[in-house]
Amino acid sequence: MMLRGRVGASTYTRGGARWFSTSSTGAYDGLVLGMYKSGALTGAAQQLDSSLNGEIAKRLGLAASMKGESGQALGLFNLSSELPRVVIVGLGEDPSKDEKNDDDCEVCEDSADLARQGAALGVKQLHKLGATNIAVEAFGSHAQAVGEGAYLSMFQTDEHKSKKDDKNPSANSVTISPYNFDHEGNEAWEVGKQIASAQNFSRMLANAPANYLTPSKFVEHTLNKFEGLLGSPSGDGAYAGGLVKIVAHDQKWAEDQKMGCFLGVARGSDEPPQFLEIHYNGLEGDNDVPPVVLVGKGVTFDSGGISIKPASGMGLMRGDMGGAAAVVGTVYAAAALRLKTKLIVLTPLCENMPSGKAVKPGDVLYAKNGKSVEVDNTDAEGRLILADALVYAATFKPRTLIDVATLTGAISVALGPLAIGAFSNSDKLWVQLDRAGRTSAERFWRMPLFPAYKSQLKSDYADLCNVGKKGGGSCTAAAFLKEFVPANVQWAHLDIAGVSHSDGSDKPYIPKGMAGKPVRALVEYLRTLPTQ
């Protein structure tokens with residue numbers, strides 16, 4: 001059964017999004033405009049208001065509750081025969097008059113993300129008011145963020161509902177276009193739409209029920225999504241000759257690679273494991289530049305194994321492949337945007353299940369690099385499959401190696417749902433990730449990776465134990481992963497467990513369910529990374 005999700009005017013099954021040209025006439029029945037806390041309208045709104053002889057300002061003057069604060073929206077009707085519905089959204093402080101620098105202010109709200117939120121809120125409000133052709137202004141110079149917000153807000157997964165969810169806009173109900181964008185703004189809008197397409201694909205994968213997203217079906221959906229970017233089948237599960245090269249390695253390959261930790265986790269399930277490998281080279285055939293390698297944890301369902309989880313909330317463990325979904329979404333965006341980068345994505349895919357074949361507490365597994373690991377807790381399985389993937393990643397001699405994983409509940413305790421825990425052996429890489437997180441509003445927070453954390457991983461029977469003996473669970477998990485990364489490789493571990501799922505009370509462009517983070521941040525990192 002093909003996994004489907006609905007977003008904007010696109011159905012994400014086999015390709016990219018539909019593209020729309022700039023709207024500057026009345027070819028729409030809903031328009032989103034912006035207003036700042038100062039009471040000032042955005043430039044686009046001021047121009048329209050002037051053409052309407054101040055009608056927008058006059059009506060705003062009658063709405064005392066509309067203060068221009070983020071999260072506020074006000075509907076205006078029949079401003080003219082061509083404007084049956086306009087929604088004014090609050091954008092907070094006017095960035096042109098704000099003396100603070102968003103990039104340097106830890107407690108400031110980012111103007112681009114306020115625009116992203118405003119676009120999402122405006123589209124949702126107009127949908128509720130019956131609009132089907134919606135135009136959105138750029139809120140100054142935030143065309144990319146507006147494109148992201150508009151399309152991210154429209155994501156929903158209702159494939160398994162007999163009655164489809166009409167509360168939010170969907171492909172069947174709404175078309176979106178930019179309002180009065182210049183050429184540069186149009187290009188930025190389309191970048192935003194492609195990034196939203198990638199993140200919505202990641203959301204779709206992570207939200208899918210585990211019986212509809214086994215390791216093999218994860219590969220199938222990935223191949224369908226990348227169809228327009230792939231070449232021809234070249235045997236052994238590989239595709240080559242296109243912009244993107246994909247190979248799905250099977251269990252026999254993993255055995256040949258001596259991936260004992262990955263196979264140890266996988267053996268408890270009847271579903272065969274897959275090791276997905278994706279290559280993208282946007283450097284016009286330059287094979288001398290070392291790649292960036294992204295590794296994503298791909299546990300398509302995590303019961304905890306023999307160390308089984310509590311029943312309450314276990315269904316959310318369908319999203320324990322959120323790291324794999326995020327890195328696959330990232331390479332899709334990189335290829336769709338033709339980024340000037342060389343990128344390899346690796347995702348070990350398996351289930352963690354209890355059975356007579358499952359790994360048991362006290363068992364010893366051997367990783368690809370020969371290190372032995374005592375499995376003290378089978379529910380600490382993510383670090384085991386990542387260990388083998390990281391060792392394999394190092395064979396490509398990467399310039400940078402980043403793994404992404406829903407790894408520990410401890411990171412949720414430490415940071416809550418608002419920041420991704422980042423561990424790195426490189427100050428330079430941390431600065432780059434921090435900047436990308438701020439720009440994309442998918443924030444990272446650097447966590448300690450002190451050498452002393454390794455001492456908590458001592459085992460009486462093996463080189464390492466897969467869990468620590470004291471607190472700081474997210475830190476000891478990162479210390480474990482570090483043992484499988486060569487010392488000369490610039491590396492970061494991103495623990496996304498705290499941000500992977502939203503209860504629906506977050507920002508307007510983040511609906512309830514799996515959030516698809518940190519696709520935007522990783523794409524931003526790649527976009528701003530020097531080619532050498």
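## Salt bridges, strands and cavities

The side chains of Arg438 and Asp434 meet in a salt bridge, 3.2 Å from N to O. A salt bridge here is a side-chain nitrogen of Lys or Arg within 4 Å of a carboxyl oxygen of Asp or Glu. The model is predicted, so local features need pLDDT of at least 70 and side-chain atom pairs count only at pLDDT 80 or more, while totals for chains, interfaces and linings use all residues. Residues are numbered from 1 along each chain as its sequence is written, and side-chain values use heavy atoms, with hydrogens and water left out.

**Exercise 1. Describe the salt bridge of Lys252 with Asp256.**

Step 1. The closest N and O atoms of Lys252 and Asp256 are 3.0 Å apart.

Step 2. Lys252 and Asp256 lie four residues apart in helix α7 (residues 251-256), so about one helical turn separates them.

Step 3. Lys252 is partly exposed at 49% relative accessible area, and Asp256 is partly exposed at 49% too.

**Exercise 2. Which parts of the chain does the pair of Arg520 and Glu442 link?**

Step 1. Start with the contact: Arg520 forms a salt bridge with Glu442, with 3.3 Å between the closest N and O atoms.

Step 2. Now place the partners. Arg520 sits in helix α14 (residues 519-527) and Glu442 in the loop between α12 and β19 (444-446), so this pair links distant parts of the chain, 78 residues apart.

Step 3. Both Arg520 and Glu442 are buried.

Step 4. Follow the shared partners: Asp113, Arg116, Glu148, Glu442, Lys507 and Arg520 are joined by salt bridges into one network. The structure has 22 salt bridges by this rule.

**Exercise 3. Which strands pair with β3, and in what sense?**

Step 1. Strand β3 covers residues 30-35, and six of its six residues are buried. Gly30, Val32 and Gly34 lie on one side, with Leu31, Leu33 and Met35 on the other.

Step 2. Strand β6 (residues 133-136) pairs with β3 in the parallel sense over three bridges; two strands pair if DSSP finds at least two bridges between them. Ala135 is the bridge partner of Leu31.

Step 3. Strand β5 (residues 83-90) pairs with β3 in the parallel sense over five bridges. In β5, Val89 stands opposite Gly34.

**Exercise 4. How many disulfides does the whole structure hold?**

Step 1. The search finds zero disulfides, a disulfide being a pair of cysteine sulfur atoms within 2.5 Å.

Step 2. Look at Cys261: the closest cysteine sulfur, in Cys350, is 11 Å away, too far for a bond.

Step 3. Cys261 is buried at 0% relative accessible area, and Cys350 is buried at 0% as well.

**Exercise 5. What lines the largest cavity?**

Step 1. On a 1 Å grid over the protein atoms alone, a cavity is a set of points where a 1.4 Å probe fits but cannot get out, and lining residues have an atom within 4 Å of a point. Five cavities of 30 Å³ or more are counted.

Step 2. The largest cavity has a volume of about 70 Å³, a volume being the space filled by probe spheres set on the points.

Step 3. Its lining includes Ser202, Gly322, Ile496, Met514 and Lys517. α9 (322-336) and α5 (183-207) each supply at least two lining residues, and the largest share, three residues, comes from α9.

Technical notes
Buried < 20%, exposed > 50% of the residue type's maximum accessible area, 1.4 Å probe, protein only. 1 Å grid on protein atoms, 1.4 Å probe; cavity = no way out; pocket = protein on both sides within 12 Å on 5 of 7 lines; lining within 4 Å.
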